[in-house]
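The sequence and structure are shown below.

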Amino acid sequence: MSDQRPATLFEAVGGTDALRRLSRTFYDGVLADPLLAPVFADFTATHIEHVAVWLAEVFGGPTAFTDELGGHQALLRAHLGLAITEEQRLRWMELMAEAVRRELPDDAELRRRVLDYFDWGTRIAEDVSASPAGTDLGEPGPIPHWGWEGLEK
Ligand code: HEM
């Protein structure tokens, strides 16, 4: 990692506004995609903002998802019962990789780290989605943090 890089991925991507652009471009792709659009049948515009706020916190920015949107538990619960297939997860990753190319700074290391997070996170979403809505997930702990070295302890 270069010393010129900001300490957090949040700063490196360009903050919450950049994550909003990423989220908007990504969902434009999702809603136009025949494999994913049916999964997002209940999509509303707040979803774009909530994903941006989640990513801001994961990447070391403001803690608004924990403070205002229910934290880690709420995020996991949102995926219960979706029965996400591996094919759908891979399509999700393809569309996110395209959004990253279009919206994030042209920095290969930064893009790789961000996509590493999505690869990790989508596997958890797929896993959780196999359990029915309302399943008690216990206390999942704080929202994970992802940095230049991956998952931070
Ligand atoms: C790192 C991976 C992921 C992140 C960060 C993420 C983030 C989120 C967030 C923040 C919400 C709550 C939105 C809200 O409150 O409005 C949500 C809900 C949802 N996510 Fe994900 N998600 C991920 C993976 C996936 C995958 C792989 C799928 C399906 C292929 C998926 C499908 C959905 C659906 C269908 C909802 C509910 C939408 C609704 O309420 O209309 N997510 N996700």
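In this predicted model, His50 is buried, because 20 other C-beta atoms lie within 10 Å and a residue counts as buried at 20 or more. His50 belongs to helix 3. The UniProt annotation "binding site", taken from an unreviewed entry, covers His50.

His50 is also among the residues that come nearest to the ligand, together with Asp42, Ala78, Gly121 and Ala125, out of 22 residues around the ligand. Two or more residues of this shell are given by each of helix 3 (46-58), helix 5 (71-78), helix 6 (86-103) and helix 7 (108-129). Which of the elements provides the largest share of the shell around the ligand? That share, 5 residues, comes from helix 3.

The composition of the shell by class is as follows.

| Class of residue | Number in the shell around the ligand |
|---|---|
| Nonpolar | 13 residues |
| Polar | 7 residues |

Two packed helices are described by the angle between their axes and the distance between the axes. The axis of helix 2 (residues 15-31) comes within 8 Å of the axis of helix 3, and the two cross at roughly 135 degrees. Helix 2 is therefore oblique to helix 3. The crossing of these two helices, helix 2 and helix 3, is right-handed.

Terms used:
Residues are numbered from 1 along each chain as its sequence is written. This is a predicted model: local features need pLDDT of at least 70, side-chain atom pairs count only at pLDDT 80 or more; totals for chains, interfaces and linings use all residues. A residue is near a molecule or strand if its C-beta atom, placed from the backbone, lies within 6 Å of it. Helices (H or I, at least four residues) and strands (E, at least two) are DSSP runs, numbered from the N terminus. Ala, Val, Leu, Ile, Met, Phe, Trp, Tyr, Cys and Pro count as nonpolar, Asp, Glu, Lys and Arg as charged, and the others, Gly among them, as polar. UniProt positions are given in the numbering used here, feature names are shortened, and annotations may be inferred rather than shown by experiment. A residue is buried if 20 or more other C-beta atoms lie within 10 Å of its own, exposed if 12 or fewer, and partly exposed in between; C-beta atoms are placed from the backbone. Axes are lines fitted to C-alpha atoms, for helices over the stretch in contact, and angles run from 0 to 180 degrees between N-to-C directions. Angles under 35 degrees count as roughly parallel, over 145 as roughly antiparallel, 65 to 115 as roughly perpendicular and the rest as oblique. A crossing is left-handed if the near helix is turned anticlockwise from the far one by less than a right angle, and right-handed if clockwise.
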